[in-house]
Amino acid sequence: MAQVKLNPGESLDVALKRFKKMIMESGILKEAREHEHYEKPSDRRRREEAARQRKLLRARRQAEAREGR
């Protein structure tokens with residue numbers, strides 16, 4: 001559970017900004033979005049495999065760019 005205490009003299013906008021940042025860093029918002037809709041296990045595997053492939057391809061391209069310099 002994320003909590004932000006309002007410091008003396010701090011505006012509500014600043015505290016809200018700190019709260020939003022804390023939520024994003026902790027991954028709570030991402031997890032909530034993942035649970036909004038049911039995802040079949042096969043679709044989840046397919047999505048994760050596609051992400052792995054993109055990551056590998058990006059790493060290969062970066063390695064080639066470093067070697068080609």
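## The largest pocket

In this predicted model, the largest pocket has a volume of about 160 Å³. Eight names make up its lining: Glu34, His35, His37, Tyr38, Glu39, Arg44, Arg47 and Glu48. Helix H3 gives the largest share of that lining, three residues.

Two of the lining residues, Arg44 and Glu48, also pair with each other. Their side chains meet in a salt bridge, with N and O 3.1 Å apart. The next section takes up that pair.

How many salt bridges does a search of the whole structure find? The search finds five. Among them are the pair Arg44 and Glu48 and the pair Arg52 and Glu49.

Start with Arg44 and Glu48. Both lie in helix H3, which runs over residues 41-68. They are four residues apart, about one turn of the helix. Arg44 has a relative accessible area of 46%, so Arg44 is partly exposed. Glu48 has 29%, so Glu48 is partly exposed too.

Now take Arg52 and Glu49. The closest N and O atoms of this salt bridge are 2.9 Å apart. Both residues lie in H3, and here the spacing is three residues, again about one turn. Arg52 is partly exposed because its relative accessible area is 46%. Glu49 is partly exposed because its value is 33%.

## Glu10 and its partner Arg18

A further salt bridge joins the side chains of Glu10 and Arg18, at 3.0 Å from N to O. Glu10 is found in the segment before H1. Helix H1 covers residues 12-26.

Is Glu10 buried or exposed? Its relative accessibility is 17%, and the cut-off for buried is under 20%, so Glu10 counts as buried. Arg18 stands at 33%, between the cut-offs of 20% and 50%, so Arg18 counts as partly exposed.

Which residues does Glu10 touch, leaving aside its neighbours within four places in sequence? Glu10 is in contact with Lys5, Ala15 and Arg18. Arg18 is therefore a contact of Glu10 as well as its salt-bridge partner, and Glu10 itself is buried because its relative accessible area is 17%.

## Helix H1 and its length

The expected span is 1.5 Å times one less than the number of residues.

What follows H1? Gly27 does, and its phi is positive, near 85°.

Leu16 has its place in helix H1. Its relative accessible area is 42%, so Leu16 is partly exposed. Leu16 and Val4 are 12 residues apart along the chain, and their C-alpha atoms are separated by 8.2 Å.

Met22 is in helix H1 as well. Met22 has a relative accessibility of 33%, so Met22 counts as partly exposed. Leaving aside neighbours within four places in sequence, Met22 is in contact with Ala2, Gln3 and Val4. Met22 and Leu12 are 10 residues apart in sequence, and their C-alpha atoms are 15 Å apart in space.

Is Arg66 buried or exposed? Its relative accessible area is 56%, and the cut-off for exposed is over 50%, so Arg66 is exposed.

How far is Arg66 from Arg46? The two are 20 residues apart along the chain, and 30 Å separates their C-alpha atoms.

Technical notes
Residues are numbered from 1 along each chain as its sequence is written. This is a predicted model: local features need pLDDT of at least 70, side-chain atom pairs count only at pLDDT 80 or more; totals for chains, interfaces and linings use all residues. Side-chain values use heavy atoms; hydrogens and water are left out. Helices (H or I, at least four residues) and strands (E, at least two) are DSSP runs, numbered from the N terminus. Buried means under 20% relative accessible area, exposed over 50%, partly exposed in between (1.4 Å probe, protein chains only). Contact means heavy atoms within 4.5 Å. A salt bridge is a side-chain nitrogen of Lys or Arg within 4 Å of a carboxyl oxygen of Asp or Glu. On a 1 Å grid over the protein atoms alone, a cavity is a set of points where a 1.4 Å probe fits but cannot get out, and a pocket is an open set with protein on both sides within 12 Å along at least five of seven lines; lining residues have an atom within 4 Å of a point. Grid points are joined across faces, edges and corners, and a volume is the space filled by probe spheres set on the points.
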